[in-house]
Structures are given as C-alpha cells and as structure tokens.
Amino acid sequence: MKIPAFGRSRQQKPKSPERKSSPKSQSKPPSKPKIKPVSQWNPQLRQVLDLTVTVGSVLICLMMLPTRLPGMELLGIGPNWLLIWVVSWSVKRTVFQGALAGIVLGLLQDAMTSPNPSHAISLGIVGMITGFLQKQRFIQEDFISIALIVFGMTVFEETIFASLLVWMGDRNVQDIWTYYQKVALASAILSSLWAPVLYYPLNRWWQQIKLAQS
C-alpha cells in the first residue's frame, strides 16, 4: 500500500495571487513636488515675500507683547519680543539699519502703550549697539551668543527707560527703581530664553535672501 506524498503536495500548491504579482504591477508612490531654491525664484516675488515675512514677524511680535501664555510669564512680566526682533535684525546689519529698526519698532510700541517716555529711544540705542558689536566682530553666530546679547540688551533697555521716567520727574524715584529691578530681571531671563525661537527662522530666511541676491 502506497503512502501519499504529503510533503510534495504541499510544495506543489499554487502560490497566491499576491505572491505572483510582479514588481512592475505594483504602483509606485507619488513623487513629492520639488520646491525650487530661493535663488531660482522671480526677483520680484522674492522681494514681496521678504517684505511679507519681515512685516509679518513685526506684527506677530506686537500681538505677542500683551499675551501671557504658559511658560511665557515670570512675575507678571513677559518676553520683550520687539527687542528680540531688533537684536535679530541688527546682528547682521549696519549700525544705521539697526538704529532705524529700533526707532520704528519703538514708535509702534508707543502706539500700543504710552508715548511718554518713548520706547523709540531705548530700542534705537539697542539696535545701534547690536549693529556696532557685529561690525567689530565681537559676537558669534550661535544661539548662546544671541541669548546673551538679548539678556544684556534687555537690562540695558530697561535701564534707559527707567532713567527716562526719572528724568520726567512726575513719579517717585524709589518706586521707579524698585519696579525696574523686578521688570529688568524677569524680562531679561524670559527674553533670552525665547530669543532663539524668533531668531532662528528669521535669520535663516534672511540668509537665503541674501545668498539669492548675491
């Protein structure tokens, strides 16, 4: 009596249609659209986008000034977003461009708060000093350097603003300097911690625009 060959019958079973499918019949994944580098964009389009990014980032900073989100508040004080923007702008530009940017943003801040004393004076000096530091090559292009500059410039800007309040003479000097110490330290800490969040995308965009124009 012959024993049926079970092993051979298993080996001779037809393969499923999925296994027989050839690589040619498999659909290829759709290719992702390639984005042209900035240098290949239309020059007019580059200028419009550069202006949009620059003005849009300023408007975002203005809207973030009165905003108090979790992790963005210390003793009731938030980051000085306009000062961070002025430092980010002035790091790779001339003294005049840095001072001009500080004056314009200071006037915008005066429109939201109070024009007396004006923030244009303190922010203009901050932009001028930051541009001078970059011109003399005293700073390096990394997040630690930017955070340290923002910390120092925040303390310096608050000192100028407090001095202007004292010079006006309509407030108690002791109350001004007591409040200044709390505001300067809290604002400097928060601004230096949040500086890379604003500096990195803006600096990267401005670098690409500069390379495309050269």
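**Stop 1: helix H8 and the second largest pocket**

Start by selecting H8, which supplies the largest share of the lining of the second largest pocket, seven residues. Before moving on, know that this is a predicted model, in which local features need pLDDT of at least 70, side-chain atom pairs count only at pLDDT 80 or more, and totals for chains, interfaces and linings use all residues. Residues are numbered from 1 along each chain as its sequence is written, and side-chain values use heavy atoms, with hydrogens and water left out.

A helix here is a DSSP run of H or I with at least four residues, a strand is a run of E with at least two, and both are numbered from the N terminus. A pocket is found on a 1 Å grid over the protein atoms alone: it is an open set of points where a 1.4 Å probe fits, with protein on both sides within 12 Å along at least five of seven lines, and its lining residues have an atom within 4 Å of a point.

Now pick out Arg93, Trp206, Gln207, Ile209 and Lys210, which lie nearest the centre of this second largest pocket, out of 14 lining residues. Its volume is about 290 Å³, where a volume is the space filled by probe spheres set on the points, and points are joined across faces, edges and corners. Helix H3 (43–64) and helix H4 (81–90) join H8 in each supplying at least two residues of that lining. Colour the lining by class and you get five nonpolar, five polar and four charged residues.

**Stop 2: zoom out**

Show the whole protein chain as a cartoon. How many helices and strands are there? The chain has eight helices and zero strands. Buried residues (under 20% relative accessible area with a 1.4 Å probe, protein chains only; exposed is over 50%, partly exposed in between) make up 37% of the 214 residues. Take the contacts (heavy atoms within 4.5 Å) between residues at least 6 apart in sequence, and 70% of them join residues at least 24 apart.

**Stop 3: the largest pocket**

Next, highlight Gln109, His119, Glu158, Tyr179 and Val183. Of the 27 residues lining the largest pocket, these are the closest to its centre. About 680 Å³ of space lies inside. Helix H5 (95–112), helix H7 (143–168) and H8 are the elements giving two or more residues to this lining, and H8 gives the most, with six. By class, the lining divides into 13 nonpolar, nine polar and five charged residues.

**Stop 4**

Is Glu158 buried or exposed? It is buried, because its relative accessible area is 14%. Beyond residues up to four places away in sequence, Glu158 touches Asn80, Tyr180, Val183, Ala184 and Ser187.

Ser187 counts as buried, as its relative accessibility is 3%. Leaving aside residues up to four places away in sequence, Ser187 touches Ile77, Gly78, Asn80, Thr154 and Glu158.

**Stop 5**

Select H4 on its own. Of its 10 residues, 10 are buried, so the helix is largely enclosed by the rest of the structure.

Centre on Trp85: its contacts, not counting residues up to four places away in sequence, include Val58, Leu105, Leu198 and Trp206.

**Last stop: Val126**

Finally, jump to Val126 in helix H6. Val126 is buried, with a relative accessible area of 0%. It touches Leu83, Val86, Val87, Met153, Phe156 and Glu157, again setting aside residues up to four places away in sequence. Draw a distance from Val126 to Gly102: the two are 24 residues apart in sequence and 6.9 Å apart in space, C-alpha to C-alpha.

How values were computed: Nonpolar A, V, L, I, M, F, W, Y, C, P; charged D, E, K, R; others polar.
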